[in-house]
Amino acid sequence: MQGKVEICGVSTGSLKTLKNEEMMELLKKAQAGDIGARQALVEGNLRLVLSVIQRFLGRGENPDDLFQVGCIGLLKAIKNFDLSQNVRFSTYGVPMIAGEIRRYLRDYSAIRVSRSVRDTAYRVLQCKETMLSETNREPTLEEIARELDLTLEEVSGAMDAISTPVSLYEPVYSDGGDPLTVMDQVCDTRNTDEQWIERIALRDAIARLGEREQRILALRFYDGKTQMEVAKSIGISQAQVSRLEKNALGAIRKHISS
């Protein structure tokens, strides 16, 4: 985020940036119960919260909601930061903020999944964050599965279960004209609007036929009988079946094309 940012009524354009020494001193006071120090820490790290929530934008969630959840993660980081460790606060704060947002997205997902699957997904996310901080690279699903003693299917299934749903009308490509949507890539070519309309027209055309013509067509094209078998079933000649079938098909074509 560049320049002035307005979110949840907060302008980050003039927020003070805390030096590491100031941060440590404020953390000591905040953990000792100093409300003013905690407020200063929150205001001094709002840019950190904004940088984290950028990873989660574009999923249909309200940015203000994500910002508020991120601030909860920040407060937890301020409370639980170990001052005895020789690490910068941001190194500890970023995973805490991201974890809080992921929990929010998991628990309030539009698609409800079982508690056990959500717990597995949470373990996977925690393991992923830990391995990322230790190796400075994105771990593979196979590595996470080995670390947690899970199968690859369990890890992959848990992550898929908490993935944010994508709208069928979400644009995926545009060259200046009509955008290409997810619907265009996954649409059912067998059940299009055109075929649906044609089936209605066909059903209406068949309903206009006489009872005998309908029975002949059903025996011929539904049961797969020959004209001779149909003739024996109905009690007429094969020539009559052929003539009635031809007339019925002609009437259907005329009705559909009219």
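**Exercise 1. Contacts and overall make-up**

Among contacts in this protein between residues at least 6 apart in sequence, what share joins residues at least 24 apart? Then describe the secondary structure, the burial and the confidence of the model.

Solution. 
Step 1. Of the contacts between residues at least 6 apart in sequence, 51% join residues at least 24 apart.
Step 2. The model is predicted, and its secondary structure comes to 13 helices and 4 strands.
Step 3. The protein has 258 residues, and buried residues make up 30% of them.
Step 4. The mean pLDDT is 81, and 78% of the residues reach 70 or more.
Step 5. Confidence is lowest in strand E1 (residues 6-7), with a mean of 54, and highest in helix H7 (residues 141-148), at 92.
Step 6. Where pLDDT is low, the predicted coordinates should not be read in detail.

**Exercise 2. Helices H1 and H2**

Describe how helix H1 (residues 20-31) packs with helix H2 (residues 35-44).

Solution. 
Step 1. Two packed helices are described by the angle between their axes and the distance between the axes.
Step 2. For H1 and H2 the angle is about 135 degrees, and the axes are 7 Å apart.
Step 3. An angle over 145 degrees would count as roughly antiparallel, and 65 to 115 as roughly perpendicular. H1 and H2 are therefore oblique to each other.
Step 4. The crossing in which H1 passes H2 is left-handed.
Step 5. H1 contributes Met23, Leu26, Leu27, Lys29 and Ala30 to the contact, while H2 contributes Ala37, Arg38, Ala40 and Leu41.
Step 6. Sorted by class, the residues of this contact are 7 nonpolar, no polar and 2 charged.

**Exercise 3. Helices H2 and H4**

Which residues of H2 meet which residues of H4, and what is the geometry of the pair?

Solution. 
Step 1. H2 and helix H4 (residues 63-80) pack at an angle of about 130 degrees, and their axes are 10 Å apart.
Step 2. H2 and H4 are therefore oblique to each other.
Step 3. H2 passes H4 in a right-handed crossing.
Step 4. On the H2 side the residues are Arg38, Leu41 and Val42; on the H4 side they are Leu74, Leu75 and Ile78.
Step 5. The contact of H2 with H4 holds 5 nonpolar residues, no polar ones and 1 charged residue.
Step 6. Arg38 and Leu41 of H2 also take part in the contact with H1.

**Exercise 4. Helices H3 and H4**

Is the crossing of H3 and H4 left-handed or right-handed, and which classes of residue make the contact?

Solution. 
Step 1. The axes of helix H3 (residues 46-53) and H4 come within 9 Å and cross at roughly 125 degrees.
Step 2. That angle makes H3 oblique to H4.
Step 3. The crossing of H3 and H4 is right-handed.
Step 4. From H3, Leu46, Val49, Leu50 and Ile53 meet Pro63, Leu66, Phe67, Gly70, Cys71 and Leu74 of H4.
Step 5. By class these are 9 nonpolar residues, 1 polar residue and no charged ones.
Step 6. Leu74 of H4 also meets H2.

Conventions: Residues are numbered from 1 along each chain as its sequence is written. This is a predicted model: local features need pLDDT of at least 70, side-chain atom pairs count only at pLDDT 80 or more; totals for chains, interfaces and linings use all residues. Side-chain values use heavy atoms; hydrogens and water are left out. Axes are lines fitted to C-alpha atoms, for helices over the stretch in contact, and angles run from 0 to 180 degrees between N-to-C directions. Helices (H or I, at least four residues) and strands (E, at least two) are DSSP runs, numbered from the N terminus. Angles under 35 degrees count as roughly parallel, over 145 as roughly antiparallel, 65 to 115 as roughly perpendicular and the rest as oblique. A crossing is left-handed if the near helix is turned anticlockwise from the far one by less than a right angle, and right-handed if clockwise. Contact means heavy atoms within 4.5 Å. Ala, Val, Leu, Ile, Met, Phe, Trp, Tyr, Cys and Pro count as nonpolar, Asp, Glu, Lys and Arg as charged, and the others, Gly among them, as polar. pLDDT is the predictor's confidence in each residue, from 0 to 100. Buried means under 20% relative accessible area, exposed over 50%, partly exposed in between (1.4 Å probe, protein chains only).
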